[in-house]
Amino acid sequence: MMSSINIALLGFGTVGKGVFETIETHQERIQYYLGKPVKIVAVLVKNITKHHLSDSEVLLTDNFEDVMQIPNLDIVIDAICGKEPGFTYIKRSIEKGCHVVTANKEMFAFHGQELLSLAAKQHVSVGFEATVAGGIPIIQTLRSLLKVNRITKVEGIINGTSNYILTNMREQDLPFEQVLADAQNKGYAEANPTNDIEGFDALYKALVLSQVVFGEHPEEENIIRKGISQITQEQIENAANLGLKFKHVVKLEKQENHIQCKVQPVLLSNAHPFYSIEGVQNAVSINADIVGNITLTGPGAGKLPTASAVIEDLLHLFEKHDSVRLHDERQLEDQGEEVGQRLIFNQRLDHLCIVDSLEEVEQLQEGVFYIKGREADLTRFEQENDGVAIYPIEGNFQLLNKQQYANIG
Ligand SMILES: NC(=O)c1ccc[n+]([C@@H]2O[C@H](COP(=O)([O-])OP(=O)(O)OC[C@H]3O[C@@H](n4cnc5c(N)ncnc54)[C@H](OP(=O)(O)O)[C@@H]3O)[C@@H](O)[C@H]2O)c1
């Protein structure tokens, strides 16, 4: 009898069930590439009474030690939530000599490097495509590009819940709380939405991306994390009058001697590649020195898109990954010299602490200001006006003259 590739599945929720079903429905194609049948031999859950498996040969257990006892176990797939016990389970699996695939971004953001080092020592591989932007093959794309291209910047809309809320607040002219409740009813937002709406989920994914692209995490002092819960209907309407849309965007950039990571709401003009990314869609944009700009868009979460990422990882597990990154000798420009723009809401000019070196300060209407200047001066302005609603504008935005603005406003 032909031997099989034996898999243990940790977690049998949205992702776990998607992986289980896809292995059944796509068995023939997977077997064609791997040369052997792929079999789920065990499923680990927290509450065993909630679950039933139609195949009685598959072990259903709530005890991880049962999984570790399985002889000839080849792969462990992690589809559970949170840093622990996921980290311990994956570490133990690697030590047992199993390849692993994980969808658990929070765990991987904090322990990814340690797991990759351990896996290299044990001569096994770790797949983590599903941790960032669900069905979009961003990790594989970055790996292919990184061989010769130098990646200078990665941007993304990588939290579908935030994008869904911002899209619906704008399109339906509704307040944040009402759209959040609707997202929770539709299953797009968790009962406890903090991770999504305050930018933690996007930050976990940014940390995973930073590790892949730059080989390290940004220092804590170079991380900005802001969520979307402070954005009001009025701000959205004011921005729309200027042709701008709020989007929650992650930006990772290599600067002179550090990695800058910004996870925050920004205002995009229609020249920006993310302008038309609406609802739960995700997008990731990569800037690289040879190819230029590439933008990938697609489903960032959900049962089958995430299962797709896990299954594609399964096929890549047996390839050798080169984790060594060439030292980048190139001198990078001083980003502080770049010119940027910001929009400021709900303020009076005499309440703002103005930095003299700003190039332009315009009041567009009662309480709404536009400022322009060198990024270094804008950063100083933001620091001196801590707590004020200030949003970056991106995508070649041209301010209409004030007369035109008065006409649309
Ligand atoms: N949902 C998505 O679209 C998506 C996309 C990308 C990545 N992810 C990541 O994938 C992972 C799974 O997400 P999900 O949406 O599938 O979650 P989910 O529906 O809540 O399912 C989680 C599963 O893990 C099991 N579990 C939780 N704690 C456990 C423990 N201590 N021991 C054993 N089993 C445990 C649960 O068991 P019970 O069923 O018995 O409670 C459940 O079956 C998360 O890390 C998530 O961040 C999800």
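Lys and Arg count as positive and Asp and Glu as negative, while His and the chain ends are not counted. Each charge is placed at NZ of Lys, CZ of Arg, CG of Asp or CD of Glu. On that basis the protein has 36 positive and 56 negative side chains, and the centres of the two sets lie 4 Å apart.

This is a predicted model, in which local features need pLDDT of at least 70, side-chain atom pairs count only at pLDDT 80 or more, and totals for chains, interfaces and linings use all residues. Residues are numbered from 1 along each chain as its sequence is written, and side-chain values use heavy atoms, with hydrogens and water left out.

**Overall build**

- The protein has 14 helices and 16 strands. Both are DSSP runs numbered from the N terminus: helices are H or I with at least four residues, strands are E with at least two.
- The radius of gyration is 23 Å, close to the 22 Å that the globule rule gives for 409 residues, so the protein is as compact as a globular protein of that length. The radius is taken over C-alpha atoms, and the rule is 2.2 Å times the number of residues to the power 0.38.
- The C-alpha trace spans about 80 × 50 × 30 Å along its principal axes.

**Surface and contacts**

- Of the 409 residues, 50% count as buried. Buried means under 20% relative accessible area, exposed over 50%, and partly exposed in between (1.4 Å probe, protein chains only).
- The accessible surface comes to about 19800 Å², and 47% of it belongs to carbon and sulfur atoms. Areas come from the Shrake-Rupley method with a 1.4 Å probe; for residues, only the protein chains shown count as cover.
- Contact means heavy atoms within 4.5 Å. Among contacts between residues at least 6 apart in sequence, 70% join residues at least 24 apart.

**The parallel sheet**

- Six strands form an open sheet with parallel pairing, in the order β3-β2-β1-β4-β5-β6. Two strands pair if DSSP finds at least two bridges between them.
- β3 (59-61) and β6 (126-127) stand at the edges with a single partner strand each, so one side of each has no neighbour in the sheet.
- Strand β2 (residues 38-44) runs parallel to β3, joined by three bridges. Val43 has Leu60 in β3 as its bridge partner.

**Antiparallel pairs**

- Strand β7 (residues 151-157) pairs with β9 over four antiparallel bridges. Here Lys153 stands opposite Glu253.
- Nine of the ten residues of β9 (residues 245-254) are buried, so the rest of the structure largely encloses this strand.
- β9 also pairs with strand β10 (residues 259-268), antiparallel, over ten bridges. Phe246 stands opposite Leu267 in β10. A hairpin of four residues joins β9 to β10.
- β7 is joined to β11 by six antiparallel bridges. Glu155 stands opposite Ser285 in β11.
- Six of the eight residues of β11 (residues 281-288) are buried, so this strand too is largely enclosed by the rest of the structure.
- β11 and strand β12 (residues 292-299) pair antiparallel over eight bridges. Ser285 has Thr295 in β12 as its bridge partner. A hairpin through three residues joins β11 to β12.

**Two loop residues**

- Asn222 sits in the loop between α10 (200-214) and β8 (223-225). Asn222 is buried, at 13% relative accessible area.
- Leaving aside residues up to four places away in sequence, Asn222 touches His258, Ile259, Gln260 and Cys261.
- Ala191 lies in the loop between α8 (176-185) and α9 (194-197). Ala191 counts as exposed, at 77% relative accessibility.
- Ala191 and Asn72 are 119 residues apart along the chain, and their C-alpha atoms are separated by 39 Å.
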